[in-house]
Amino acid sequence: MGHECIETAQLFDLTRSLAGDYLKTCRYPWEALGQIHDLILEIGSHLPEDRYEKRGEDVWVARSARVFESAYIGGACIIGENAQVRHGAFIRGDALVGAGCVIGNSVELKNVILFDDCEVPHYNYVGDSILGRHAHMGAGAITSNIRADRKNIIIHGSQDYETGRRKIGAFLGDFAEIGCNAVLNPGCIVGPRAMVYPTTCLRGVVPADTIVTQDGRRKAKY
């Protein structure tokens, strides 16, 4: 199996998001979650008007993006170039959606950064999360972002990381693949190119280039 990736620079190609410069200042990805709203406002105020249209309060949509009329987009939000926001999508707010992303039917986003070419195409809930370049969530896969006891979330890897946050979804490294109807429990980290099988109930940290099966077994991808 690959190495355990916890730090922001290990998980993501930071050149593939408008948030990249800011994320360079965050050693761990959960450190960025509390700043997404303000970050979007800052980036949005400097977007070129020939490429982005401001739609309503604190919402910027690339002129090359395709947004279905039935989609709801709440601010603060940026929809990147050549992205698709499909029928019935519900963007609650504080979502930075990268270039070429697919936000599909009945998908709900809240307080997220999606790197370029990320796909959440069918019935996904993604909250308080960061998804890397070309990360993909299969139909019905969701992030669970709050513990049942409402206590602060601890990231369980080779050591425990106290986050100080009550709400954390998941962090998917570049090219991570999540199977249909998988549940990513609060504070999951999936390393680059890792694969999680359908219907898996995932906890903890998955190293890069690792396959996780439904019964929790982990094996090298290559």
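Student: Before we start, what pLDDT do local features need here?
Tutor: This is a predicted model, so side-chain atom pairs count only at pLDDT 80 or more, totals for chains, interfaces and linings use all residues, and local features need pLDDT of at least 70. Residues are numbered from 1 along each chain as its sequence is written, and side-chain values use heavy atoms, with hydrogens and water left out. The pLDDT asked for is at least 70.

Student: OK, charges next. How many salt bridges does the count come to?
Tutor: Side chains of opposite charge can pair when their charged atoms come close. The rule here asks for a side-chain nitrogen of Lys or Arg within 4 Å of a carboxyl oxygen of Asp or Glu. By that rule, the number of salt bridges is 11.

Student: Which parts does the salt bridge between aspartate 116 and arginine 16 tie together, and how many residues apart are they in sequence?
Tutor: The closest N and O atoms of aspartate 116 and arginine 16 are 3.4 Å apart. Helices (H or I, at least four residues) and strands (E, at least two) are DSSP runs, numbered from the N terminus. Aspartate 116 lies in the loop between β9 (108-114) and β10 (119-122), while arginine 16 is in the loop between α1 (8-11) and α2 (20-23), so the parts tied together are 100 residues apart in sequence.

Student: Is aspartate 116 buried or exposed?
Tutor: Buried means under 20% relative accessible area, exposed over 50%, and partly exposed in between (1.4 Å probe, protein chains only). Aspartate 116 has 14% relative accessibility, so the word is buried.

Student: And the salt bridge of aspartate 215, how far apart are its closest N and O atoms?
Tutor: For another pair, take aspartate 21 and lysine 24, whose side chains meet at 3.6 Å, N to O; both are exposed. Aspartate 215 pairs with arginine 217, and these two are exposed as well. The closest N and O atoms of aspartate 215 and arginine 217 are 2.9 Å apart.

Student: On to the inside. Which residues have the most contacts inside the largest nonpolar core?
Tutor: In soluble globular proteins, nonpolar side chains tend to be buried together. A nonpolar core is a set of buried Ala, Val, Leu, Ile, Met, Phe, Trp, Tyr and Cys residues joined through side-chain atoms within 4.5 Å. The largest one has 72 residues, and those with the most contacts inside it are Trp30, Leu109 and Leu172.

Student: What do the buried residues of α3 pack against?
Tutor: Helix α3 (residues 36-44) has Ile36, Leu39, Ile40, Ile43 and Gly44 buried. They cover an arc of only 125° (taken from the directions from the helix axis to the C-beta atoms), which puts them on the same side of α3. Counting contact as heavy atoms within 4.5 Å, they pack against α2, β2 (59-62), β5 (77-79), β7 (90-97) and β9.

Student: How far is cysteine 101 from the nearest cysteine sulfur?
Tutor: A disulfide is a pair of cysteine sulfur atoms within 2.5 Å, and the structure holds 0 of them. Cysteine 101 is buried at 0% relative accessible area. Its nearest cysteine sulfur belongs to cysteine 118, at 5.2 Å.

Student: How are the rings of tyrosine 28 and tryptophan 30 paired: stacked or tilted?
Tutor: Rings of Phe, Tyr and Trp (its six-membered ring) pair if their centres lie within 6.5 Å; planes under 30 degrees apart count as stacked, over 60 as edge-to-face and the rest as tilted. The whole structure has 5 aromatic pairs. For tyrosine 28 and tryptophan 30 the centres are 4.8 Å apart and the planes at 0°, so the pair is stacked.

Student: And what about tyrosine 72 and phenylalanine 90, stacked or tilted?
Tutor: Tyrosine 72 lies in strand β4 (residues 72-73) and phenylalanine 90 in strand β7, so the pair ties together parts that are 18 residues apart in sequence. Their ring centres are 5.5 Å apart with planes at 55°, so the pair is tilted.
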